[in-house]
Amino acid sequence: MTWSEMQPLLEQACWDTLYMVGWSTLIAVVVGLPLGIVLVLTDKGGMAANAFANKVIGQIVNVTRSMPFIVLMVALMPFTKAITGTTIGREGAIVPLAIGAIPFFARLVETAVREVDGGLVEAVQSMGGSTWTVVRKVLVPESLPSLISSATTTVIALIGYSAMAGTVGAGGLGDIAIRYGYQRFETEMMWITVGVLAVVISVIQLAGDYTALRLHRRGRGNGPAPKLRFLKNRADHRAELDLELSKSSN
């Protein structure tokens, strides 16, 4: 094949891959983030400890995460067709990609949130902060650099999943590699596809690392981090109330 023949195929394949990975990443983050936080909150010693709920959710996450993606994709075909009306093409791949990524991202979120300093959580609770306040003001902001790294890892894993999805007609770079590189013995097309995947993955990894590093440095830069500002404001408010009460009593 000549480059003029390869170029439109590669451009369309790149767009299809980014389309599938983009939507499935969005779904995985929207669902996986609260799921990972729930796993932390319902664990033993958590703010909403519930052993039964934690075990049930954890088991579902473990089973889904341990299932090979190609098997999961085939098993979900009836569900995928009910949702999207098709089991092939990029729309047909988004559902299994998202479902495969949700438990993967949820476990990464759980690990990131567990690294948050427990003293900050206790400080907010001692000031009357609710569970939602702790999550919104401490757990998520404090673990944000790790969450960005987790999202980056999930995106890269999804690119690999999307390549496997190409074996069953999902489109994208994996489909190009199978149809042209393997079935038609177009070696040049195969290696170009590998090179494009390597470039895409490298760019995403660099962007994720840069963003996480900036957030980490911002948290250690001049001025208090978001959670410290929150604690300081609550402490100042408490001090003002105590001062007013002492004056009124005198």
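1. In the classes used here, Ala, Val, Leu, Ile, Met, Phe, Trp, Tyr, Cys and Pro count as nonpolar, Asp, Glu, Lys and Arg as charged, and the others, Gly among them, as polar. By these classes, the lining of the largest cavity in this predicted model comprises seven nonpolar and four polar residues, with no charged residues.

2. A search of the whole structure for cavities of 30 Å³ or more returns one, and the volume given for the largest cavity is about 50 Å³.

3. The residues that line the largest cavity are M73, M77, T80, T87, I88, G89, G92, A93, P96, V168 and A170. Among the secondary-structure elements, α4 (77-84) and α5 (89-114) each contribute at least two residues to this lining, and α5 gives the most, with four residues.

4. Turning to the open sites, the second largest pocket has a volume of about 270 Å³, and its lining is made up of 15 residues, of which V40, G45, G46, V121 and L139 are the ones that lie nearest its centre. Two or more residues of the lining of this pocket come from each of α1 (3-41), α5, α6 (118-126) and α7 (131-142).

Note on methods. Residues numbered from 1 in each chain as written. Predicted model: local features only at pLDDT ≥ 70, side-chain atom pairs only at ≥ 80, totals over all residues. Heavy atoms only, no water. 1 Å grid on protein atoms, 1.4 Å probe; cavity = no way out; pocket = protein on both sides within 12 Å on 5 of 7 lines; lining within 4 Å. Points joined across faces, edges and corners; volume = space filled by probe spheres on them.
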